[in-house]
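Colleague: I'm new to reading structures like this. Could you walk me through how to spot charged pairs and buried spots?

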Amino acid sequence: MQDKKAHKFGMVIDLDKCTGCGSCTVSCMAENNIPFKEDESDKKDSITWMRVYKLTNGKSFPDTQTAYLPRPCQHCGGKGDHGHSPCVSVCPATATDYGYDTGIVSQIYTRCFGCRYCMVSCPYHARYFNWWDPVWPEGMEKYLSPNVSPRMRGVVEKCSFCYHRYQLAREQAYYNETDEIPEDAYQTACTTACPAGAIIFGDLNNPSHRVHQIVKPDPHPDPLNHDVVGKSRNPKVFRLLERLGTNPKVYYMSEKEWIRKVGDSYLDGEWDKMKNHHGSASHD
Amino acid sequence: MDAALIPEGAKRCSFPKFMLGIAIVGAVLLWGVYAMLLCWFKGLNQTNMNDYYGFALWIWADLAVIAVGGGAFFTGLLKYILKIDELKNIINFAVIIGFICYSSALLILAIDIGQPLRGWFIFWHANVHSMLTEVAFCLSLYFAVLTIEFIPNILENRQLNKVPFFHHLAHNMHGTMAIFAATGAFLSFFHQGSLGGVAGVLYGRPFAVREGLLIWPWTFFLFTWSAAAFGPCFTLLVTRITEAVTGKKLVKDNVVHLLAKISGWMICTYIIAKIIDTIYWATVTAPGLGFEMSHFYTNNSFYGYWILVTEVIICGVIPGILLINKTTRENHSLRLLAIILGVIGVCLNRWVMVLQVVAVPVMPFDTWALYIPSWQEVATTILPVAYGIILIAVTYRYLPVFPQERELNQSKAQES
Amino acid sequence: MFPFNFEWVWDIGHYLFFGGFWYAIGILGAGMTYCIAKAAYDTVKGSQDNHH
């Protein structure tokens, strides 16, 4: 299903660089015509394709440490990385689909009838429901992006890795009479907006892309868990809830052990055994 | 006033009294309809659901009514396929209860989806890999089966039966009912199961996910089994309530005891499987994903171990034992206690497999999410109950639902 | 649902799922057609018998 030329767009977010400023969230909302409510205080029903979580090491002063974790849709490849993402496999109306040519999980708004099963299936809370009709303050609708369709009430939406930018890059490549899409020709809004340069985006299948060079994804299944494919061979890089076998294409990076540990759940004493295996030499 | 429509030899309350009852329940029904229209016209912002609770009270109600409505398919299977003939005395009522449950489930689903006018996409653009697709197809088809099973009973109404075509149609449908019942059992196996599969396939949710057989997680089989086990409890419970309201004995004790006994054995075997499943999940599946069992039952103000104990022991093991034991089964009060506990147990199981699944945090830095439904959700959930009461009242009044009613009440009249 | 829907694939999943679906529809449809047709026949036959 995945030919050699297929892209596998992914992201690595350097949590040591992230300051939690929220530029990624703001740029995402502007880029993707994300509607907002008059009162945004209840975050459980407001839409933030790119949500920034605050992490702490759980220790009291003076040992307290905090970090910020931006969370877009993880564009999961699903168990064994076969494209059966948690959400794609459950959608009854084929309204969300896995692009084998890009690795991007799409959402077809006009096909979605709002059953919300995909939201239930997603452990990252990356999917959002339009509980209200989208309304923008008067005049603001003129600033909406013409490249992204606004969504109607009653459907689910989520981060698309700015797919419209990929389409524009492809058009440009076609105009240039080439198949190649240069790394800088397709970058997501959050990547370009991050003032700290914490977000790196590119093709995980392309060794010349930075994201590939940082992540060094292991193409073989994890010997400890065969559902996990594409584990990073960089010991500083991890994925959220990797053990579930969702195989996200969003990777995180940190020098700090407690941050890497907070990306997944471990039984007592398990971390010390697993961290050694994580990114170990046996994978190189 | 409506004496010509009432089954021959049956005693019914006066028409004004009947209409007064209908009007009272009808008021509740209208309240539900109002809430339903609010949801349809203003959208699901009328509910207290949110992005954590994509599934909430409605989906629970849906799963619960389908579970308790399982009495229809299971009794049908026993009567028409396994030829347990005594059950002919309760099968009509089991079908009516099933019809109410399944029509309610379809109505709730129509309110629950964000774009009700696109509801047909689930059929037209079906993703055959989704458990929800399987649910939608089998549920709709099985509703058609229930309608087919219900029609002959309607046609047996005193006036309708005078029309020769209806008389013959009812007769012929009775004759071919085994084929319909077999199809119904086949469809029920898959939709009851796939409702369990809905939770079991969620491999991003360690509380719900289960290993299984081929494409079906263990919850698939547990749901089918529990519906067959507890569905008859609900049939018996509603029969008991109907008897209390009408002040008449409607089904002979031997029939009730038989169904209670079958239900008891089904509950016992189910609960053993459920206990094994829970132990395996708690000791192998969840720890394999990095989760201690305590993660799912602590650090929040509602979901404690009590819910597991209540579901499995108090509302599972106890009713099972009460119903397989002859003395307790034939004791009126203990049997009633057992069937009430059983109905609560299966509804609690569905609650846990929908609501607790989404309440549990999965990302280590996430938090528990609790939810209280809005009045619109509550009203639309009560709506099917009111509709059910009205339909039972109307069918009981005008159709020969209980074949033993005349005999049971004639002898009583003679005695007095 | 139908092979002309663009997302339709001729794979084992579709064979099994829609095979079962159309089979069940077929049984229910045929069963009801039989019942209705026979009822119509019985009605006509019954009324003829009454005339004689």
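Colleague: Let's start with chain B. Which kind of link do the side chains of Glu330(B) and Lys326(B) meet in?

Modeller: First the general idea: side chains of opposite charge can pair when their charged atoms come close. Now the case here, in what is a predicted model: Glu330(B) and Lys326(B) form a salt bridge, at 3.6 Å from N to O. Both belong to helix H12 (residues 326-330) of chain B, and because they sit four residues apart there, about one helical turn separates them.

Colleague: And is Lys326(B) buried or exposed?

Modeller: Look at the relative accessibility. Over 50% is called exposed, so Lys326(B), at 53%, counts as exposed. Glu330(B) comes in at 36%, so that one is partly exposed. While you're in chain B, find Arg240(B), Glu243(B), Lys249(B) and Asp253(B): salt bridges with shared partners join them into one network.

Colleague: How many salt bridges are there over all chains?

Modeller: The count comes to 25. Glu31(A) has 17% relative accessibility, so it counts as buried.

Colleague: Where do Arg243(A) and Glu270(A) lie in chain A?

Modeller: They form a salt bridge too, again listed at 2.9 Å from N to O. Arg243(A) is in the loop between strand E11 (237-238) and strand E12 (250-253), while Glu270(A) is in helix H8 (residues 270-277), 27 residues away. Both Arg243(A) and Glu270(A) are buried.

Colleague: OK, now the nonpolar side. Which residues touch the most other members of the largest nonpolar core?

Modeller: That core has 210 residues, and the ones touching the most other members are Tyr117(A), Phe161(A), Tyr186(A), Tyr53(B), Leu355(B) and Phe18(C). Click on Tyr186(A): leaving out residues up to four places away in sequence, it touches several residues, including Phe9(A), Ile104(A), Phe161(A), Arg165(A) and Phe201(A).

Note on methods
Residues numbered from 1 in each chain as written. Chains lettered and ligands numbered in written order. Predicted model: local features only at pLDDT ≥ 70, side-chain atom pairs only at ≥ 80, totals over all residues. Heavy atoms only, no water. Core = buried A, V, L, I, M, F, W, Y, C linked by side-chain atoms within 4.5 Å. Buried < 20%, exposed > 50% of the residue type's maximum accessible area, 1.4 Å probe, protein only. Contact = heavy atoms within 4.5 Å. Salt bridge = Lys/Arg side-chain N within 4 Å of Asp/Glu carboxyl O. Helix = DSSP H or I, 4+ residues; strand = E, 2+ residues; numbered from the N terminus.
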